[in-house]
Every structure is written in C-alpha cells, then in structure tokens.
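Please keep the sequence and the 3D view at hand while reading.

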Amino acid sequence: MLRVRRGLCRLMSEQRFLCTACGLCCHGLLPLTIAEALSGAGRFPLAISITPVKVKTPGHAGVGEIAATIAVTRKKTMPILVTPVSFVPAHLPCPELDGDGLCSIHATKPLRCRTMPFYPYRDEAHQANMLTPRPGWLCETGEEAPVVYRDRRIVDRTDFDAERDALVDQAPALRRYADLLLKHAPAHHARVLKAAQSPVPGRVIVSFVSYLRYDNRLDLLDFAARQLPVLEVWAEKTAGDPKAAEHHRYYTEAMAELQRYRR
C-alpha cells in the first residue's frame with residue numbers, strides 16, 4: 001500500500017504562478033487575433049507571421065484545428081501557423097506599455113496577454129514549461145503564488161479557452177488567405193518552404209496588407225490612415241538600430257505599400 005501511495009504522489013503535480021506586473025514579458029512580437037489587429041491598427045505595427053510546425057513537436061497534436069498547410073513535397077504537407085502580430089523587436093517594449101512598466105490598455109488588452117503564461121497553440125497537457133519564467137523575469141512561482149496548473153490541467157481555463165476558441169473561429173479565413181498567398185506569391189511560397197525544410201523551422205513575416213487584399217470587405221483607406229502613422233513612429237524608432245534592422249526594413253516597405261491607399 002505504501003508503494004502505491006508513493007506512486008500516486010509521484011504522479012500528482014502542481015505548479016504555481018503569479019504575474020507581478022514587471023512588464024518584462026511585454027517586449028517583442030505579440031500574436032493577435034484578426035479582430036484585434038484590425039481594431040489595433042492605430043496602435044500596433046502590424047504584420048502576418050507564418051511559422052511552420054514540425055508534426056511531431058510535443059504538444060502540437062491539436063494544431064490542425066488552427067493551422068493552414070504547405071506542401072513540402074508531392075506527398076507531404078506541413079502545418080503552418082498564420083498569425084496577425086504586433087511586429088516589435090525583441091528588445092523593445094509593446095507600444096502600450098507605459099513608463100511605469102504597466103499595460104495602458106489593461107481592460108481591453110489582447111487575448112494573448114490575458115492567457116499568459118499559458119499558450120493555446122499547444123495542447124493543455126504540454127503547458128508545464130510555459131510556467132518557468134525566462135531569465136530576468138520577475139514572475140512569482142514560489143509558495144506565495146496560487147496553483148495554476150495541476151496534473152497537466154489548467155486550474156482556471158477561462159482565458160485559455162477564450163483565446164483557443166478565437167483561434168479556431170478565425171482559422172478558416174486564415175487558411176483561405178494562406179492558400180491564396182502561397183499560390184499567387186511565389187517569393188513568399190519559397191520563403192515559407194525554405195523555413196519549413198529547415199532543421200529548426202523559422203518564422204516568415206509578410207505584409208499585413210496582403211491579408212486586407214484577400215478580404216475585400218475591409219476598408220483599406222481607413223486601415224492605411226490608422227496604420228501609417230504607427231509604422232512611421234516605429235521606422236523612426238528603429239532607424240540605425242542594428243538589432244532592429246529586419247524590423248526597420250519591414251516598416252519602411254510596409255509604409256511604401258500603404259502610401260497608395262492614403263486619402
């Protein structure tokens with residue numbers, strides 16, 4: 001009986017986590033939903049991220065519900081995550097992080113921020129390592145923090161489920177967009193295919209305007225009026241910064257693309 005009890009104890013696991021509002025996770029690229037990207041065109045420098053996912057990557061069994069696909073060979077396809085993002089260099093803060101390191105839009109912040117540290121692009125049973133703060137982050141994981149993950153299950157799934165549901169709901173639109181993009185833009189197709197065939201799949205960034213062109217219900221003139229000033233700010237902010245060269249190039253190219261839609 002003692003041996004059985006010890007075995008049960010080993011199977012039981014709990015992890016604790018508490019956000020201390022240090023603001024250190026609020027830097028770099030931020031995944032958004034389509035709706036959040038469109039409503040946030042006046043605050044976030046927007047792009048589309050395309051990331052191939054290795055089929056056998058632990059925790060990604062359910063990725064098919066939210067992913068598009070790319071043909072790697074005649075007989076093999078690979079899932080790709082197609083995600084609107086706030087495209088900010090990793091060393092720079094979110095544009096909505098205020099001088100005190102606090103979120104200035106806390107009441108209406110994106111779903112990705114609400115769900116942290118959990119990550120609904122992965123299965124619930126593979127969330128454990130998301131609860132280990134990165135070096136320098138001030139998250140509380142000791143006995144004073146609440147239990148948030150028990151026996152490979154999230155204790156309070158409210159935000160996790162809300163973000164996952166949003167990802168599933170928008171997946172058909174992003175799949176259609178990805179299919180058209182990869183079919184009619186050979187350069188983008190080649191970049192994504194190269195990333196998919198790499199030993200460690202990389203991320204490909206494409207213009208957010210390419211998504212707007214796919215959906216003719218969206219108002220490009222209105223989007224340009226809100227997004228252009230944001231891109232101008234970020235192009236100026238990253239000018240001459242060697243760590244942000246890729247981002248600066250993207251901002252300037254995206255600005256040039258949007259100029260034709262300026263009222």
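Ring pairs join Tyr177, Phe208, Tyr211, Tyr214 and Phe223 into a cluster. Rings of Phe, Tyr and Trp (for Trp, the six-membered ring) pair if their centres lie within 6.5 Å; planes under 30 degrees apart count as stacked, over 60 as edge-to-face and the rest as tilted. The model is predicted: local features need pLDDT of at least 70 and side-chain atom pairs count only at pLDDT 80 or more, while totals for chains, interfaces and linings use all residues. Residues are numbered from 1 along each chain as its sequence is written, and side-chain values use heavy atoms, with hydrogens and water left out.

In total, the structure holds 11 aromatic pairs. One of them is formed by Phe208 and Phe223, which counts as stacked because the ring centres are 5.5 Å apart and the planes lie at 25°. This pair links distant parts of the chain, 15 residues apart: Phe208 is in the loop between β8 (204-207) and α6 (209-214), and Phe223 is in helix α7 (residues 220-238). Helices (H or I, at least four residues) and strands (E, at least two) are DSSP runs, numbered from the N terminus. Phe208 has 2% relative accessibility and therefore counts as buried; Phe223, at 3%, counts as buried as well. Buried means under 20% relative accessible area, exposed over 50%, and partly exposed in between (1.4 Å probe, protein chains only).

Tyr250 and Tyr251 make an edge-to-face pair, 6.2 Å centre to centre with 70° between the planes. Both Tyr250 and Tyr251 are buried. A ring also meets a charge at Trp234, where the charged end of Lys237 sits over the ring, 4.1 Å from its centre. For this, NZ of Lys or CZ of Arg must be within 6 Å of the ring centre and within 35 degrees of the ring normal.

Next come the spaces. On a 1 Å grid over the protein atoms alone, a cavity is a set of points where a 1.4 Å probe fits but cannot get out, a pocket is an open set with protein on both sides within 12 Å along at least five of seven lines, and lining residues have an atom within 4 Å of a point.

Of its 14 lining residues, Arg191, Ile205, Val206, Tyr250 and Glu253 lie nearest its centre. The largest share of this lining, 6 residues, comes from α8.

Last is the backbone. Most residues other than glycine have a negative phi, and most peptide bonds are trans. The peptide bond from Met116 to Pro117 is cis, with omega near 5°, and Pro117 lies in the loop between α3 (111-115) and β6 (147-150). Ala21 has a positive phi, near 55°, and belongs to the loop between β1 (14-16) and β2 (30-31). Arg152 has a positive phi of about 65° and is found in the loop between β6 and β7 (153-154).
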